[in-house]
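Please look over the sequence and the model shown here before reading on. The report then takes up helix packing and the nonpolar cores.

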Amino acid sequence: MLMSMTGYGKAECQIQNKKYIVEIRSLNSKQMDINLRLAPLFREKELDIRTILTQQLERGKVDCSIMPDNNDTDTTAAYINVPLLDAYVKQLQDFATQHQLDSDILAIAMRIPDVTRPNENSQLSDNDWLTLKDALQNAISQFNNFRRQEGQALQNMFTEKLNDISELLSQVEPLEKERISKIRTRLEDNLRLLSQETQQATDRNRLEQEMIYYLEKLDITEEKVRLANHIRYFFQTMQEETGVGKKLGFVAQEMGREINTLGSKSNNSEMQIIVVKMKDILEQIKEQILNVL
């Protein structure tokens with residue numbers, strides 16, 4: 001079963017009479033890239049939180065936020081440093097008066113560092129940490145369920161596209177037989193256009209050998225077999241455990257090589273049209289493989 005690198009999960013927890021929201025979202029990335037935003041109360045646990053995310057999310061560009069709920073009206077978790085705020089406001093007012101500026105002094109002062117800070121008496125207890133870990137685990141569980149749903153949609157898309165390529169491949173065989181016959185006929189017709197003297201001097205046995213050699217170079221049997229095998233292996237790989245995105249990318253590369261060789265050997269306009277359709281479908285597959293975990 002495939003899993004997508006795109007995911008979303010959310011959970012809530014109550015710690016020290018304040019509600020916190022745990023939110024995880026991710027996009028595709030070649031490796032694990034975690035952007036973590038934590039409320040000051042949880043900063044001491046940053047390394048532990050990163051370890052949990054790395055172990056359970058495997059890969060992706062992950063944004064994780066553990067912040068207080070903005071709608072929570074509890075006022076015990078933070079305080080305003082009133083003396084510091086008074087000093088800043090007085091200085092800002094004096095500066096504004098001196099330079100004849102019209103500004104919202106309080107709004108400016110409130111954005112100055114250390115004016116508002118977490119309550120220094122607040123410390124994360126062991127029970128608080130367990131509560132936070134439970135919420136984090138719930139968010140991860142939702143996140144992984146989202147990834148599975150997206151992965152199933154990707155798997156359905158890949159199945160449809162691979163079946164389309166297989167169908168196009170089956171259309172090549174009748175054209176291939178017709179193509180060989182046309183090439184042989186064209187070569188013989190060109191030979192007949194030569195002068196009588198040149199035709200008599202031509203070694204028919206050698207001509208047959210050269211013709212066979214030329215037609216063998218245009219033979220696409222091996223390419224068809226390998227492409228069919230790659231398609232089967234793609235299906236098999238999709239049934240494996242998670243973390244197959246890179247492997248699917250390698251299989252798609254090999255499919256592209258065989259399709260390109262079919263095009264270069266085709267020497268037939270109808271076959272080239274089929275090859276172009278195959279390439280178009282394969283590009284759609286490659287684009288979506290980037291989202292597979």
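Which residues does M278 touch, not counting residues up to four places away in sequence? With touching taken as heavy atoms within 4.5 Å, M278 touches I165, L168, L169, V172, L227, I259 and L262.

## Basis of the model

This is a predicted model, in which local features need pLDDT of at least 70 and side-chain atom pairs count only at pLDDT 80 or more, while totals for chains, interfaces and linings use all residues. Residues are numbered from 1 along each chain as its sequence is written, and side-chain values use heavy atoms, with hydrogens and water left out.

## Helices α4 and α8

Helix α4 (residues 126-170) and helix α8 (residues 221-238) have axes that come within 11 Å and cross at roughly 165°, helices being DSSP runs of H or I with at least four residues. Because angles over 145 degrees count as roughly antiparallel, α4 is roughly antiparallel to α8.

From α4, the contact is made by Q155, F158, T159, L162, N163, I165, S166 and L169, and from α8 by K224, L227, A228, I231, F234, F235 and M238.

## Nonpolar cores

A nonpolar core is a set of buried Ala, Val, Leu, Ile, Met, Phe, Trp, Tyr and Cys residues joined through side-chain atoms within 4.5 Å, where buried means under 20% relative accessible area with a 1.4 Å probe, protein chains only. The largest such core has 31 residues, and those with the most contacts inside it are F158, L227, F234, L248, M255, M278 and I285. Its largest share, eight residues, comes from α10.

A second, separate core of 27 residues includes I24, L136, A139 and F143.

Terms used
Axes are lines fitted to C-alpha atoms, for helices over the stretch in contact, and angles run from 0 to 180 degrees between N-to-C directions. Helices (H or I, at least four residues) and strands (E, at least two) are DSSP runs, numbered from the N terminus. Angles under 35 degrees count as roughly parallel, over 145 as roughly antiparallel, 65 to 115 as roughly perpendicular and the rest as oblique. Buried means under 20% relative accessible area, exposed over 50%, partly exposed in between (1.4 Å probe, protein chains only).
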